[in-house]
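Morning, everyone. I'd like to walk you through one model today. Have a look at it first, then we'll start with the strands.

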Amino acid sequence: MRSSTAALRTALKAYRPALAPARLALTSLPRSTPHSPPLTLSTRRFASQALATPANEDDPVPADVLPRAEHAVISAFDLFSIGVGPSSSHTVGPMRAAKIFVEDLHRLGLLDRVAKLKIGLYGSLAATGKGHMTPEAIMMGLEGDDPETIETTTIHSRYHSILANKHLTLNGTHSISYSHDRDMLWTMDPLPAHPNGMRFSVFDKEGTLMATNEYFSVGGGFVVNEQTQVDENMYYRSIHKDEVDHARRDQTHGLPPDALLHVDTAAAAALPPVSVPGDEAAAVAAAATADAGGGTGSLPYLFRNAAGLIKLTQKHNLTIAQLVWENERSYLSDGDISRKLLDLWHVMDSSIHAGVSSTEPVLPGRLQVRRRAPHLYRRLFKGFYPSLIPPHPSSSSSPGSSLPPPSATQPLTLQHGLNHHAAPPPSPSGGGAPLVVGSFDHPLPPTPRTKGQFPAIDWLSCYAIAVNEVNASGGRVVTAPTNGASGVIPSVLKYLIEFMSDDPERDIKTFLLTSAAIGMLYKRGATISAAEGGCQAEVGVASSMAAGALVACMGGTPKQVCQAAEIAMEHSLGLTCDPIDGLVQVPCIERNSLGAVKAVTAAQLALAGEGIHSVSLDDAIEAMRVTARDMHSAYKETSLSGLATSVKIPVSSPAC
Ligand code: SF4
């Protein structure tokens, strides 16, 4: 496998000149800014932190909020996106990358000449891609599908049809032969730029390499390609890169237009001279024209770290959510911002509903993990109003057995028969589970099972587990900020609006925008990729985002918001990523419920204080960054240590 990859690499080098048109179109984007020399992804990510000096309290214009290229601001709708499970970096990102590649081939007029395709998966994508459904995602992307719109229930059958028929329809129009064993290459060594690397290469019928590109899935569904690699926040989600405002791609909004022009001119001058056929020339010219205009994106509130964010809220008398809303106004109308936020919530809520109403007993994969959300949900319904208890999934065919529809039309609100007196479940033998284990004839007698419950924790766990079971089965979830951690934010928000809120619409918007601001800080200051930082970068970040957002919805100050976010991260530092069998199931699903509970605890602690604390959110983000840097790669989404190796999978389990 490695030798064939090495051979391909050699072939790619030899054919570099032939790739010039595709490279030119992509490298027409700026490579660097005056503040940021071109570095590899991982180097730049960590190097950028050197700019994050603490704010000087006496400085009238804090350095943190100066409009520099290295600010943290991206769109909330870049950070949250509607995707497909089970992984943002291993499923959503690769699907997007594959779609980008075939669309570029189409745009360059190369697609119809493609006879053969090679796909290289590197590093973490090779190590855990199989369990994370990376091959399925790439096949769907190559066929032109997008994570937001693909019909998730068809992925499995379509994938197996491609494998069985040995045919792939690129971009939905051009059919080629494809042999999975021959054409997908797995290399455990990562590419130099990032642990999650992919390389796509296409050949004509004579076997000549026509085009190739490398893409890096940097977490949260964000995709960066080889040529434009300096910009980790460059975003290729629902908008094609050619349609994204130049300034937004490069996070240079705030820089004067002449600076943008200068950057572009320098980048263009660095390109090798090539002859460009008509289509590409037009594309390049269009890009150059758009760039020369400096783009339209001028954001009013740029911040680089939490200190700067807090100062902006104080200076302009805005909440964090209001500040993010004002930034979104640069691209969207108020109506669109509102609609998109509520759409995100609708998908989150629908994934909770899908999880608690599932009739599938186990999750996909050879671990045969039992779904728990339906049982947890039924248990929570028990108690005061037995007639409201949802039926057992096994009786789903009986009339009236389905759960209520998603909350967009009919909320899953309970008038709540909470389970203060739940009986233990009956044993399979029908004799009932033993209530006490241990001898009463002992100086220290055993404790009979208590009937006490913690209802809030039960609800939070149920909601989080529901979402993550949907994610683990390849269903529709919101990447928040990643798929592996997609249960934390919906869980806390659901609890807030079901049990606490007097204005759900206001709270949904406040929650999502506040949590987005916190997520931006992590994305710039550290990472939201488990392949770079372990689970602290996924569930840890999600818990931090949810904690701060909950405080905002409970009337806390921006300082308290940041304190809650800090507390949640402080106690997530060092959390490793070691999914058993490479599946986003164990420990991932339970970890989300604990992340949600931790978020609520952190919010309560922050609200009990004055926002004065010895560890700032910026300190915690920096601690996470260095912990991520120093963490052994075996704990970064490779399944090479931790639970992934200490838990032995029964050999009798069927292979997935
Ligand atoms: S352990 Fe955490 S980071 Fe790793 S796959 Fe599971 S949820 Fe994601």
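This is a predicted model: local features need pLDDT of at least 70, side-chain atom pairs count only at pLDDT 80 or more; totals for chains, interfaces and linings use all residues.

Start with strand β2, residues 116-123. Its partner β6, residues 196-203, pairs with β2 in the antiparallel sense, over eight bridges. As an example, Lys118 sits opposite Ser201 of β6. β2 also pairs with β5, residues 184-187. That pairing is parallel, with four bridges. There, Gly120 has Leu185 as its bridge partner.

Is β2 mostly covered or uncovered? Mostly covered: seven of its eight residues are buried.

Now the cores. The largest nonpolar core has 115 residues. Which members touch the most others? Val492, Ala546, Ala547, Leu550 and Ala599. Helix α21, residues 539-553, contributes the most to this core, with eleven residues. As background, nonpolar side chains in soluble globular proteins tend to be buried together.

Take a closer look at Ala546. Leave out residues up to four places away in sequence, and Ala546 touches Val488, Ile489, Val492, Ser515, Ala596 and Ala599.

Last, the ligand. How many residues are around it? There are 13, and Gly484, Ala530, Cys535, Cys577 and Cys588 come nearest. By type, the shell around the ligand holds nine nonpolar residues, one polar and three charged.

That's the tour. Over to you.

Definitions and conventions. Residues are numbered from 1 along each chain as its sequence is written. A nonpolar core is a set of buried Ala, Val, Leu, Ile, Met, Phe, Trp, Tyr and Cys residues joined through C-beta atoms within 7 Å. A residue is buried if 20 or more other C-beta atoms lie within 10 Å of its own, exposed if 12 or fewer, and partly exposed in between; C-beta atoms are placed from the backbone. Helices (H or I, at least four residues) and strands (E, at least two) are DSSP runs, numbered from the N terminus. Two residues are in contact if their C-beta atoms, placed from the backbone, lie within 7 Å. Two strands pair if DSSP finds at least two bridges between them. A residue is near a molecule or strand if its C-beta atom, placed from the backbone, lies within 6 Å of it. Ala, Val, Leu, Ile, Met, Phe, Trp, Tyr, Cys and Pro count as nonpolar, Asp, Glu, Lys and Arg as charged, and the others, Gly among them, as polar.
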